[in-house]
Amino acid sequence: MPNILGYLKIYIIPTKYSPSDIRQLSAELTIHGGQLIDHPERADIILTRLMGRKRLALALDPTLIDSKIVVLDRWLADCIAHEALLDHRPYLVPPDHSSQPTHKWPRKQTASPSTRPPNQHNNTRSPSDHNPFKTTSPALILASFPATEKSIEPSTLPRLACCRKSPSICINQLLIEELDVIRVWKENGEDDTLESDLNQAGKKDDEKHALAYSRACSALKAYPTKICSVSEAQVIPFIGPKIALQIGEYLSTGQIKLSQTLRTSVRLRSILLFQTLHGVGSRLSREFYDIHDCRTLEDVANARPSLKVQVTYWSDLQTPIPRYEVPLIAKFLSDELEMISPGCIHTICGSYRRGREYSNDVDIVFTYPAMNRSSKVSSQVLDQLVDRLRTLSALTDILSGSSIGSNALRGLHQRFIMMSLPRQTRQIRVDIIFAPYEIYWVCVVGWTGSTMFERDIRKHANGLNLKFASHGISRLSDGSEIAVSQEKGEPAVFEALGLEWIEPTERNADV
DNA sequence: GACAGCGCATTGCA
DNA sequence: TGCAATGCGC
DNA sequence: GTCAG
């Protein structure tokens, strides 16, 4: 019997079923590779016979209705009939009123962090409770990538991320997440302790390897069909013999042994836990672990008091910000800004702009049409905004950003802050950027990401003897500026670089 | 041998 | 105190 | 670790 359901965890809402119906369904879905589970909150997908959302609300926790995929049980019957995992969307439980917003998908970004209720008591600061590795549920991958994509010749995949379409979640997502564990491991110096690392030699290699894994994952991210064989994978750019071998292992066993081992490594988990703090990277976190023997965030806070504020609000900062909240934050800031100086416009960038359902922070680029590079007002306005937040008790901490420095000379100003909305305690990381109007859209491109996308924009620009930076596009030869029309918006930036337009939601070139 | 490239903050050394 | 080197974030 | 020169 083919494994159609691919170990999907399935919960059945018992309403309208007899016990024997349930037994029958259970048998069918088990035969086809699914797992019937007792708790809806752990399910990848929820089956029901209830035809309306109102009825559903009586039978299922309303928060689950929004966070889980709930489909009519006909979906299962059709999957079995077609011997394929079908796109669930046509089977979603219809809303009762057509005026209500339709069920958006995908609802959830990652399985682990958002399942933790926000603001719970913080005993989540030890590595054993913290899972830094993502695992996207199979149902979500299915939801994001219906099987309608046409296949391509792997070797024709563009070599630069800025020339490819990279969705938020891709059809080979689980494979990529498996490879990404190895990337993270390499990025953190494999198992080298800091001492042996300081003796130079090896570390640089690991970083290069990490980069290689990033590129391989990035290429896979844009690959439109499910990888079925090593020979297919081998011809994809940036996948050489070593990574092909890992992919082979994944294809035959469903996982990569090394990755699974790494996921359980206490040291790696601790090191990654420390890196959730702004300003702590691979170097510092290893120093905390190996030299100061830190094991929890409290240990780290003691070792470096400047991190205490972040540790205090750690669970807030770890709680993903749902998509709908992001514009509220932007509106709050722009309203305050209007009072200081009217006429500002802004674009929310970062992962929000790339279409993610949840974000870790909020990036906003502001400008005034009247604000040009030579005017000094922008830094004053930014300072005033920060002061205003302080008086409103919205500001918790400034993580970075100063009025001096050469970026300020170029008219670009930024503050990375920690703040909360009025009458709320939940802390949010916000990156505020002020750009002169001449470079507004260049700046938006620069702050939209993803990392790989930006890297390859630069690489592409260099090929044209141009330099791309968030403070403008210039010629490599003499440094002279290339003017980009701001009236034409973001596409003008792509045009200036000779790039085909890629939607922000298709710039998710990182894992 | 190259792998993006720059601004900001901190540290260490003269 | 000033300046270079290093780490970090995007 | 992969690619290009």
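**Close-up views of a predicted model**

**View 1. Phosphate contacts with DNA strand C.** In this predicted model, a side-chain N or O atom of R429 lies 3.0 Å from a phosphate oxygen of DNA strand C.

**View 2. A tilted aromatic pair.** The whole structure holds five aromatic pairs. One of them joins F366 and F434, 5.6 Å centre to centre with 35 degrees between the planes. Rings of Phe, Tyr and Trp (its six-membered ring) pair if their centres lie within 6.5 Å; planes under 30 degrees apart are stacked, over 60 edge-to-face, and the rest tilted. Both F366 and F434 are buried (under 20% relative accessible area; exposed is over 50%, partly exposed in between; 1.4 Å probe, protein chains only).

**View 3. An edge-to-face pair.** F494 and W501 sit 4.9 Å apart, centre to centre, at 65 degrees between the planes. F494 is buried at 2% relative accessible area, whereas W501 is partly exposed at 33%.

**Reading notes.** Residues are numbered from 1 along each chain as its sequence is written, and chains are lettered from A and ligands numbered from 1 in the order in which they are written. Local features need pLDDT of at least 70, side-chain atom pairs count only at pLDDT 80 or more, and totals for chains, interfaces and linings use all residues, while side-chain values use heavy atoms, leaving out hydrogens and water.

How values were computed:
Polar contact = N/O pair within 3.5 Å; in protein donor to acceptor, adjacent residues only side chain to side chain.
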